[in-house]
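Walk through this model one region at a time. Keep the sequence and the coordinates open side by side.

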Amino acid sequence: MAEHNFDVVVIGSGAAGLTAALNLAERYKVGVLAKAGLSDGSTAWAQGGIAAVLEKGDTFESHIADTIIAGAGLNNRKSVEFVVENAPLAIEKLAALGVPFNAAGSGAWHLTREGGHSHRRIVHVDDATGHAVQIALEKAAVSHPNITLFPDRAAIDLITSRHGEHYSGDGHVWGVYAVDRTTGAIETFAGRATVLATGGASRAYMFSTSPRGATGDGIAMAWRAGCRVSNMEFMQFHPTCLYNLEVKNFLITEAMRGEGGQLRIPTTGKRFMPRFDKRAELAPRDIVARAIDHEIKRLGLDYVHLDISHKPPEFVVEHFPTIHAKLLGLGIDITKEPIPIVPAAHYTCGGVLIDLDGRTDLPGLYAAGEVTQSGLHGANRLASNSLLECFVFGDAAAEHIKTHFDAMPAPPLIRPWDESRVTDSDEEVIVQHNWREIRRFMWDYVGIVRTTKRLERAAHRVALLRQEVADYYGNFRVTPDLIELRNLVDVADLIVRSALRRKESRGLHYTLDYPDMLPEAVDTVLMP
């Protein structure tokens, strides 16, 4: 079994992971694992942009207030302040790396506005900001002599003190076991510190805007290793995902509504958002998603329309070139006709609990980005705060590691992965069937609008699947698909348990049995 030893191991090659790696590589040897290709995570899919106070008249306090309003008061104010106040510096660092943010002339960047924001404060690269950021970070990482990149490595489990030749029992994390997707071989990646940057879990749902790899791997691994997990009931559904039976996860950016896009009933052409909220299409995402869900169910529709064709064609093409080109290839000219859209699971607001240094409950384990519950998002993420969180906490984790590295113990001798009692599976269809079953019942029972009865049904199905997957996992050699299925079962369980604990409707968690919001905002924290 191959053994790789580094000063620090980073699991994930998106915005959070590469930000941490580039900071750490100034001083240390860093190994970065990507589950598939380096660019296959969620970062490259982010369209809208990055929020930061850069406009004259805008203030940190305004950005903080917008974030807490969107988060329905569940945010940790210290975390919000920390991220917002570090946002301008994060943008400067990205520009220095070569991210070509759109300019507005006179040396300033062009700022757009998105739902929930009281000012124009979104820097962007057309409508493909995440892609531009990913390219810049990757280019810097590939050329750095202290960074070694390992694509096609599916992480299985964190290496903790119980995996050492001499068990210490302190829960220290020393790296990760991973399978090489090209050879099937299990490898160890060991280091004094480990950074989890594995993204979210929205592929637990049937309709999702995320890439296939968003299966909650880091959340599940951290939970199994002994970390607390928090606020998993808050799954953000993006209101506007293209409705197309062939292209099932193409996102229509929030910025389209920010620039005047209107939601309409397909059969009548009438707008409906003003009936639900005075902010209409600029209301926070949870409100917009619930309104769309309501109209689809009320009228028996497959989708509603998002229409920006009333704007000048040159305006539409200039602001949304990627979307315009993509949809033109599907026979939809957005300068002349509306876009059929449905809500889809988009962003995981809960995750592994961390502090302002990116530290988890376990010594040696840090986390940054969507895998975490940092206190920034609360009960609902404000648009374009997600990439920002990756940069700020990726840097924070790296800074804490650098400051305390010399005091961190070196990894012990680590036991190799034991495959002596397992065989190759001849029934991969079981894995695929169970994957589909999870995504279907999560969509039906743990979706945008919930009830206790639906959640209990989901809990019953999770329990049955958990036993089935455990038996399968114990008898057959691990494969990337089996790893993801195991993690999806854990994540589905965490989401359902968290949702059942919250006896109110707040932010993204809306239940017909408890439609009111309680006076006190309290995090849901699950103990392993």
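Apart from neighbours within four places in sequence, Lys-29 is in contact with Phe-6, Asp-7, Val-8, Pro-145 and Asn-146. Contact here means heavy atoms within 4.5 Å. This is a predicted model: local features need pLDDT of at least 70, side-chain atom pairs count only at pLDDT 80 or more, and totals for chains, interfaces and linings use all residues. Residues are numbered from 1 along each chain as its sequence is written, and side-chain values use heavy atoms, with hydrogens and water left out.

Stay with Lys-29. Lys-29 sits in the loop between H1 and strand E3 (30–33). Helices (H or I, at least four residues) and strands (E, at least two) are DSSP runs, numbered from the N terminus. Lys-29 has 44% relative accessibility and so counts as partly exposed. The cut-offs are these: buried means under 20% relative accessible area, exposed over 50%, and partly exposed in between, with a 1.4 Å probe and protein chains only. Ile-147 is 118 residues from Lys-29 in sequence, yet their C-alpha atoms are 6.2 Å apart.

Now take helix H1 itself (residues 15–24). Pro-412 belongs to the loop between helix H10 (386–404) and helix H11 (428–445). With 34% relative accessibility, Pro-412 counts as partly exposed.

Helix H10 also holds Glu-389. The relative accessible area of Glu-389 is 0%, so this residue is buried. Leaving aside neighbours within four places in sequence, Glu-389 is in contact with Tyr-347, Gly-369, Thr-372, Ser-374, Leu-376, His-377 and Gly-394. Asp-7 lies 382 residues away along the chain from Glu-389, with 24 Å between the C-alpha atoms.

Next, the helix pair H5 and H13. Two packed helices are described by the angle between their axes and the distance between the axes. The axes of H5 (residues 217–225) and H13 (residues 480–501) come within 8 Å and cross at roughly 80°. Axes are lines fitted to C-alpha atoms, for helices over the stretch in contact, and angles run from 0 to 180 degrees between N-to-C directions. H5 and H13 are therefore roughly perpendicular to each other. That class covers 65 to 115 degrees; angles under 35 degrees count as roughly parallel, over 145 as roughly antiparallel, and the rest as oblique.

Which residues meet? H5 brings Asp-217, Ile-219, Ala-220, Trp-223 and Arg-224. H13 brings Glu-484, Arg-486, Asn-487, Asp-490, Val-491, Leu-494 and Arg-497. The contact of H5 with H13 has five nonpolar, one polar and six charged residues. Ala, Val, Leu, Ile, Met, Phe, Trp, Tyr, Cys and Pro count as nonpolar, Asp, Glu, Lys and Arg as charged, and the others, Gly among them, as polar.

Turn to backbone angles. Most residues other than glycine have a negative phi. Ala-72 has a phi near 55°, a positive value. Ala-72 lies in the loop between helix H2 (60–70) and helix H3 (77–97), and is buried at 18% relative accessible area. Asp-126 has a positive phi too, near 50°. Its loop runs between strand E8 (122–123) and helix H4 (129–142). Asp-126 is partly exposed, at 34%.

Asp-126 leads on to the cavities, as one of the residues lining the largest cavity. A cavity is a set of points on a 1 Å grid over the protein atoms alone where a 1.4 Å probe fits but cannot get out; lining residues have an atom within 4 Å of a point. There are four cavities of 30 Å³ or more. The largest holds about 80 Å³ of space. Its lining also includes Gln-47, His-124, Glu-259 and His-319. By class, that lining has two nonpolar, six polar and three charged residues.

The second largest cavity holds about 60 Å³. Its lining residues are Met-235, Phe-237, Asp-286, Ala-289, Arg-290, Gly-447, Ile-448 and Leu-508. H7 gives the largest share, three residues. This lining divides into five nonpolar, one polar and two charged residues.

Terms used. 1 Å grid on protein atoms, 1.4 Å probe; cavity = no way out; pocket = protein on both sides within 12 Å on 5 of 7 lines; lining within 4 Å. Points joined across faces, edges and corners; volume = space filled by probe spheres on them.
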